[in-house]
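Colleague: I would like to go through this model feature by feature. Please take the general idea each time, then the case at hand.

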Amino acid sequence: MAKSVFHDLFPAEEAAELEMRAKLLSGINKWLSRSSLTQVEAAKRLGITQARVSEIKNGKINRFSLSMLVRLAERAGLRPGIRFQKAA
């Protein structure tokens, strides 16, 4: 598996976290796109403000911690998980 651009820009530990955050944010954003919910309805379901939903839709990764993204994915009915791979 090719490493992401995060590995070119950040130390390995930070890059790994950023990859996880990016995957979660992308998954939540796909859920938003596929749902028939308005941003206000999505905000209510996720337990956040409409402005935060807008940040998700605009890919504002720096505005969300890993733990918050896991909680939002769960609230959306997604099943976030992890897989371990050996380091190259």
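Colleague: To begin with the secondary structure, how many helices and how many strands does the chain have?

Modeller: The model is a predicted one. Its chain has five helices and zero strands. Read from the N terminus, the order of elements is α-α-α-α-α.

Colleague: How should I read the confidence, and which element has the lowest mean pLDDT and which the highest?

Modeller: The general idea is caution: where pLDDT is low, predicted coordinates should not be read in detail. Here the mean pLDDT of the chain is 93, and 97% of the residues reach 70 or more. Among the elements, H1 has the lowest mean, 90, while H3 has the highest, 98.

Colleague: What are the overall dimensions of the C-alpha trace, and what share of the residues counts as buried?

Modeller: The trace spans about 45 × 25 × 20 Å along its principal axes. The chain has 88 residues, of which 27% count as buried. As for contacts, take those between residues at least 6 apart in sequence: 52% of them join residues at least 24 apart.

Colleague: Now helix packing. At what angle do H2 and H5 pack, and how far apart are their axes?

Modeller: In a helix pair, start with the angle, then look at the residues that make the contact. Helix H2 covers residues 12–34 and helix H5 residues 66–75; they pack at about 25°, and their axes are 9 Å apart. Angles under 35 degrees count as roughly parallel, so H2 and H5 are roughly parallel to each other. Their crossing is left-handed.

Colleague: Which residues make that contact?

Modeller: H2 contributes Glu-17, Met-20, Arg-21, Leu-24, Leu-25 and Ile-28, and H5 contributes Leu-66, Leu-69, Val-70, Leu-72 and Ala-73. Sorted by class, the contact of H2 with H5 comprises nine nonpolar residues, two charged ones and no polar ones.

Colleague: Arg-21 is in that list. Is Arg-21 buried or exposed?

Modeller: For burial, compare the relative accessibility with the cut-off: buried means under 20%. Arg-21, a residue of helix H2, has 11% relative accessibility and therefore counts as buried. Leaving aside residues up to four places away in sequence, Arg-21 touches Ile-61, Asn-62, Phe-64, Ser-65, Leu-66 and Leu-69. Of these, Leu-66 and Leu-69 also belong to the H5 side of the helix contact.

Colleague: How do H2 and H4 pack?

Modeller: H2 and H4 pack at about 110°, with their axes 9 Å apart. That makes H2 roughly perpendicular to H4, because 65 to 115 degrees is the range for that term. The crossing of H2 and H4 is left-handed. Leu-25, Ile-28, Asn-29, Leu-32 and Ser-33 of H2 meet Val-53, Ile-56 and Lys-57 of H4. By class, the contact of H2 with H4 has five nonpolar, two polar and one charged residues.

Colleague: And what is the angle between H3 and H4?

Modeller: Helix H3 (residues 39–46) packs against helix H4 (residues 50–57) at about 100°, with their axes 8 Å apart. H3 and H4 are therefore roughly perpendicular to each other. On the H3 side the contact is made by Gln-39, Val-40, Ala-42, Ala-43 and Leu-46, and on the H4 side by Gln-50, Val-53, Ser-54, Ile-56 and Lys-57. Its classes are six nonpolar, three polar and one charged.

Colleague: Where is Thr-38 found?

Modeller: Thr-38 sits in the loop between H2 and H3. With a relative accessible area of 41%, Thr-38 is partly exposed. Thr-38 and Gln-50 are twelve residues apart in sequence, and their C-alpha atoms are 9.3 Å apart.

Colleague: What about Ala-12: buried or exposed?

Modeller: Ala-12 belongs to helix H2 and counts as exposed, at 55% relative accessibility.

Notes: Residues are numbered from 1 along each chain as its sequence is written. This is a predicted model: local features need pLDDT of at least 70, side-chain atom pairs count only at pLDDT 80 or more; totals for chains, interfaces and linings use all residues. Side-chain values use heavy atoms; hydrogens and water are left out. Axes are lines fitted to C-alpha atoms, for helices over the stretch in contact, and angles run from 0 to 180 degrees between N-to-C directions. Helices (H or I, at least four residues) and strands (E, at least two) are DSSP runs, numbered from the N terminus. Angles under 35 degrees count as roughly parallel, over 145 as roughly antiparallel, 65 to 115 as roughly perpendicular and the rest as oblique. A crossing is left-handed if the near helix is turned anticlockwise from the far one by less than a right angle, and right-handed if clockwise. Contact means heavy atoms within 4.5 Å. Ala, Val, Leu, Ile, Met, Phe, Trp, Tyr, Cys and Pro count as nonpolar, Asp, Glu, Lys and Arg as charged, and the others, Gly among them, as polar. Buried means under 20% relative accessible area, exposed over 50%, partly exposed in between (1.4 Å probe, protein chains only). pLDDT is the predictor's confidence in each residue, from 0 to 100.
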